[in-house]
Amino acid sequence: MAGLASDMLAALRSHEDIFRYWKSLRRCGRLPSRQDLDPVAIKRRLPTISLIDVLSPNPENNPEVFRQRLAGTELFAAYGEEITGKRLDSIYTEPEAQYWAEHLTFVVETGKPNVGLHSMAWRGAKGLSLFWLRLPLASDGVNVDMILGHDALIGKVDLVQSGIRSAS
């Protein structure tokens with residue numbers, strides 16, 4: 001239990017870092033854009049950062065409208081594959097793709113951040129959860145066309161092994 005609490009506290013602190021950085025980029029109530037992001041400013045968090053393209057101004061909870069533009073290197077461990085360049089419906093099972101489409105649509109429609117905890121059981125990792133943060137980005141400062149994501153893995157990594165074993 002102490003390990004889980006420690007993981008959650010570390011995840012919360014990293015979310016706070018990313019949120020404060022994103023908030024510092026806002027000017028006169030306008031949303032920051034992708035161009036405002038400086039990777040050097042969030043260098044420690046890059047392995048768990050993602051950028052999600054919004055392919056339609058009216059996503060209507062449609063998983064096909066969101067594409068993973070960039071996924072940090074630590075996210076490979078969570079997904080067991082490279083997800084950069086893929087749409088939600090290519091990454092997730094149907095229920096998970098719908099879960100993400102609804103949460104991302106909220107960010108697009110409201111221009112507000114969203115946060116949550118999602119089980120990775122669908123990936124075969126029953127003891128692992130993704131503590132996620134999604135922040136709106138807008139090229140014009142108003143209309144969300146990209147989403148900045150930060151993810152923290154919480155719990156025990158118990159993903160199903162591939163079956164490939166080293167020679168002994």
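In this predicted model, Leu128 stands opposite Gly155 in strand β5. Strand β4 (residues 128-137) and strand β5 (residues 146-155) run antiparallel and are joined by 10 bridges.

**Strand β4**

- Of the 10 residues of β4, 10 are buried, so the strand is largely enclosed by the rest of the structure.
- In a regular strand, side chains alternate between the two faces of the sheet.
- In β4 both faces are covered. Leu128, Leu130, Trp132, Arg134 and Pro136 are buried on one side, and Ser129, Phe131, Leu133, Leu135 and Leu137 are buried on the other.
- Trp132 has a relative accessibility of 0%, and buried means under 20%, so Trp132 counts as buried.

**Aromatic rings**

- The structure holds five aromatic pairs.
- In one of them, the ring centres of Tyr99 and Trp132 are 6.3 Å apart and the ring planes stand at 90°. An angle over 60 degrees counts as edge-to-face, so this pair is given that name.
- This pair links distant parts of the chain, for Tyr99 belongs to helix α4 (residues 94-110) and Trp132 to strand β4. The two residues are 33 residues apart.
- Tyr99 and Trp132 also belong to a cluster, in which ring pairs link them with Tyr92 and Trp100.

**The largest pocket**

- The largest pocket holds about 240 Å³ of space.
- Its lining consists of 16 residues, and those nearest the centre of the pocket are Thr48, Glu74, Asp151, Ala152 and Leu153.
- Two or more lining residues come from each of α1, α2 (75-79) and β5.
- The element that gives the most to this lining is β5, with five residues.
- Sorted by class, the lining of the largest pocket has eight nonpolar, five charged and three polar residues.

**The largest cavity**

- The structure holds one cavity of 30 Å³ or more.
- About 60 Å³ of space lies in the largest cavity.
- Residues that line the largest cavity include Tyr92 and Trp100, which are also members of the aromatic cluster.
- Arg134, one of the buried residues of β4, is likewise among the lining residues of the largest cavity.
- Asp151 lines the largest cavity and is also one of the residues nearest the centre of the largest pocket.
- Elements β1, α2 and α4 each supply at least two residues of the cavity lining.
- By class, the lining of the largest cavity has eight nonpolar, two polar and two charged residues.

**The loop between α1 and β1**

- Pro39 lies in the loop between α1 (2-25) and β1 (49-54).
- Pro39 and Ile49 are 10 residues apart along the chain, and their C-alpha atoms are separated by 9.9 Å.
- Arg45 lies in the loop between α1 and β1 as well.
- With a relative accessibility of 16%, which is under the 20% limit, Arg45 counts as buried.
- The side chain of Arg45 is joined to that of Asp17 by a polar contact of 2.4 Å.

Terms used:
Residues are numbered from 1 along each chain as its sequence is written. This is a predicted model: local features need pLDDT of at least 70, side-chain atom pairs count only at pLDDT 80 or more; totals for chains, interfaces and linings use all residues. Side-chain values use heavy atoms; hydrogens and water are left out. Rings of Phe, Tyr and Trp (its six-membered ring) pair if their centres lie within 6.5 Å; planes under 30 degrees apart count as stacked, over 60 as edge-to-face and the rest as tilted. Helices (H or I, at least four residues) and strands (E, at least two) are DSSP runs, numbered from the N terminus. Buried means under 20% relative accessible area, exposed over 50%, partly exposed in between (1.4 Å probe, protein chains only). Two strands pair if DSSP finds at least two bridges between them. On a 1 Å grid over the protein atoms alone, a cavity is a set of points where a 1.4 Å probe fits but cannot get out, and a pocket is an open set with protein on both sides within 12 Å along at least five of seven lines; lining residues have an atom within 4 Å of a point. Grid points are joined across faces, edges and corners, and a volume is the space filled by probe spheres set on the points. Ala, Val, Leu, Ile, Met, Phe, Trp, Tyr, Cys and Pro count as nonpolar, Asp, Glu, Lys and Arg as charged, and the others, Gly among them, as polar. A polar contact is a pair of N or O atoms within 3.5 Å; within protein, one must be able to donate a hydrogen and the other to accept it, and residues adjacent in sequence count only if both atoms are side-chain atoms.
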